[in-house]
Amino acid sequence: MDSPERYGKDEGPAQKVSVSMPAGRIAAVKARVGARGFSAYVSAAVERQIQRDLLEELLQAKEAEIGPPSPGIQEWAEEIFREAETMAADERAAEEREGDGDPEWRGHKAS
């Protein structure tokens, strides 16, 4: 079997891995996407976490380089994030109202 290190993050064949997580979390994922969508859902979640980790590393490097953001910039960023969270919640609610509560996770990539 090929070593996963040979490939870029979105390349190479799918491989099985074993992960441990609370049974309730597993049930919640399966309730959202069914058993067949589980892997794609987890893969998308891992991709989002990698993106967040990279963003955090970039923010820390920039803060070390130029100092912390001003209070005004912090307030602006917090407001933008609140708006984005509201928009995402509104979109999820609309999907559930339309009967699309089971998103198509097969082949889904985090954006």
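In which helix do Arg 82 and Glu 79 both lie, and how many residues apart are they? Both are in helix H3, three residues apart, which is about one turn of the helix.

## Model and confidence

This is a predicted model, in which local features need pLDDT of at least 70 and side-chain atom pairs count only at pLDDT 80 or more, while totals for chains, interfaces and linings use all residues. Residues are numbered from 1 along each chain as its sequence is written, and side-chain values use heavy atoms, with hydrogens and water left out.

The mean pLDDT of the protein (the predictor's confidence in each residue, from 0 to 100) is 85, and 85% of the residues reach 70 or more. Confidence is lowest in helix H3 (residues 71–97), at a mean of 91, and highest in H2, at 94. Helices here are DSSP runs of H or I with at least four residues, numbered from the N terminus.

## Helix H2

Helix H2 covers residues 38–66. At 1.5 Å a residue its 29 residues should span 42 Å, and the distance of 42 Å between its end C-alpha atoms agrees with this; the expected span is 1.5 Å times one less than the number of residues. Just after H2, Gly 67 takes a positive phi of about 95°.

Phe 38, Ala 40, Tyr 41, Ala 44 and Glu 47 of H2 are buried, a term that means under 20% relative accessible area, with exposed being over 50% and partly exposed in between (1.4 Å probe, protein chains only). Helix H1 (23–33) is included in what covers the buried residues of H2.

## A nonpolar patch

Val 46, Ile 50 and Leu 54 make a nonpolar surface patch of about 250 Å². Such patches are made of residues with over 30% relative accessible area and no salt bridge, nonpolar side chains (Val, Leu, Ile, Met, Phe, Trp, Tyr) being joined within 5 Å and like charges within 9 Å. Ile 50, which is placed in H2, is partly exposed, with a relative accessible area of 35%.

## Two salt bridges

A search of the whole structure finds two salt bridges, each defined as a side-chain nitrogen of Lys or Arg within 4 Å of a carboxyl oxygen of Asp or Glu. In one of them, Arg 82 pairs with Glu 79, with the closest N and O atoms 3.0 Å apart; Arg 82 is partly exposed at 43% relative accessibility, and Glu 79 is partly exposed at 34%.

Glu 65 and Lys 62 also meet in a salt bridge, at 3.5 Å from N to O. These two residues are three apart in helix H2, and are therefore separated by about one helical turn. An α-helix has 3.6 residues a turn, so residues three or four places apart point the same way. Glu 65 is exposed, with a relative accessible area of 57%, whereas Lys 62 is partly exposed at 39%.

Terms used
Areas by Shrake-Rupley, 256 points an atom, 1.4 Å probe, with all protein chains shown as cover. Contact = heavy atoms within 4.5 Å.
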